[in-house]
Amino acid sequence: LGPNGGVLQTNGKLVNCSAKPDAHGGAGISALGISVSIFLCLITLATVVSNGFVIATIYQTRKLHTPANILIGSLAVTDLMVSLLVMPISIVYTVSGTWSFGQIVCDIWLSSDITCCTASIL
């Protein structure tokens, strides 16, 4: 293992030493990984669709333009942002077990995660 967390540099090329080989000797995604990623994608899709419906319903129905429903719409917007900005990258990270997007995307993802989740809770 290299000094930079599981990555070995040889002749100017980076090699991922933390990848687990599958049964055939290569580093691949298992059936469990595929099942988990499909399940998480379905949850993400359901989150996007349901929050989109909430936002559209509050926006289109004049009778729902009350302070309580505006708060619910605000929460739906933050949850929609979580499902669009945070969850897809989390799925890839969860299934692969390694971060493969670089430092800038990591910083943006972490900021989005903390900001949107905190706004959704409050």
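In what order do the elements of the protein chain run from the N terminus on? The order is β-β-α-α-α, so that the chain has three helices and two strands, where helices (H or I, at least four residues) and strands (E, at least two) are DSSP runs numbered from the N terminus. The model is a predicted one, in which local features need pLDDT of at least 70 and side-chain atom pairs count only at pLDDT 80 or more, whereas totals for chains, interfaces and linings use all residues. Residues are numbered from 1 along each chain as its sequence is written, and side-chain values use heavy atoms, with hydrogens and water left out.

The accessible surface of the protein chain, computed by the Shrake-Rupley method with a 1.4 Å probe and, for residues, with only the protein chains shown counting as cover, comes to about 8700 Å². Carbon and sulfur atoms hold 69% of this surface. Of the 122 residues, 17% count as buried, a term that stands for under 20% relative accessible area, with exposed meaning over 50% and partly exposed lying in between. Among contacts (heavy atoms within 4.5 Å) with a separation of 6 or more, 48% come from residues 24 or more positions apart.

On the surface, a nonpolar patch is formed by Ile29, Ile34, Ile38, Leu42, Leu45, Val49 and Phe53, which together have about 710 Å² of accessible area. Val49, a patch member, lies in helix 1 (residues 31-60) and is partly exposed at a relative accessible area of 38%.

Ser83, by contrast, is buried, with a relative accessible area of 1%, and belongs to helix 2 (residues 67-96). Ser83 and Val49 are 34 residues apart in sequence and 9.8 Å apart in space, C-alpha to C-alpha. Not counting residues up to four places away in sequence, Ser83 touches Thr44, Thr47, Val48 and Pro88, while a polar atom of the Ser83 side chain lies 2.8 Å from the backbone oxygen of Leu80.

The structure also holds four aromatic pairs, defined as rings of Phe, Tyr and Trp (its six-membered ring) with centres within 6.5 Å, and described as stacked for planes under 30 degrees apart, edge-to-face for over 60 and tilted for the rest. The rings of Tyr93 and Trp99 are edge-to-face because their planes stand at 70°, with centres 5.6 Å apart. Trp99 and Trp109 form a tilted pair, at 5.2 Å centre to centre and 40° between the planes. This pair links Trp99, in the loop between helix 2 and helix 3 (103-121), with Trp109 in helix 3, 10 residues apart. Trp109 counts as buried at 13% relative accessibility, whereas Trp99 is partly exposed at 27%. Tyr93, Trp99, Phe101 and Trp109 form one aromatic cluster.

Terms used: Patches are made of residues with over 30% relative accessible area and no salt bridge: like charges are joined within 9 Å, nonpolar side chains (Val, Leu, Ile, Met, Phe, Trp, Tyr) within 5 Å. A salt bridge is a side-chain nitrogen of Lys or Arg within 4 Å of a carboxyl oxygen of Asp or Glu. Buried means under 20% relative accessible area, exposed over 50%, partly exposed in between (1.4 Å probe, protein chains only). A polar contact is a pair of N or O atoms within 3.5 Å; within protein, one must be able to donate a hydrogen and the other to accept it, and residues adjacent in sequence count only if both atoms are side-chain atoms.
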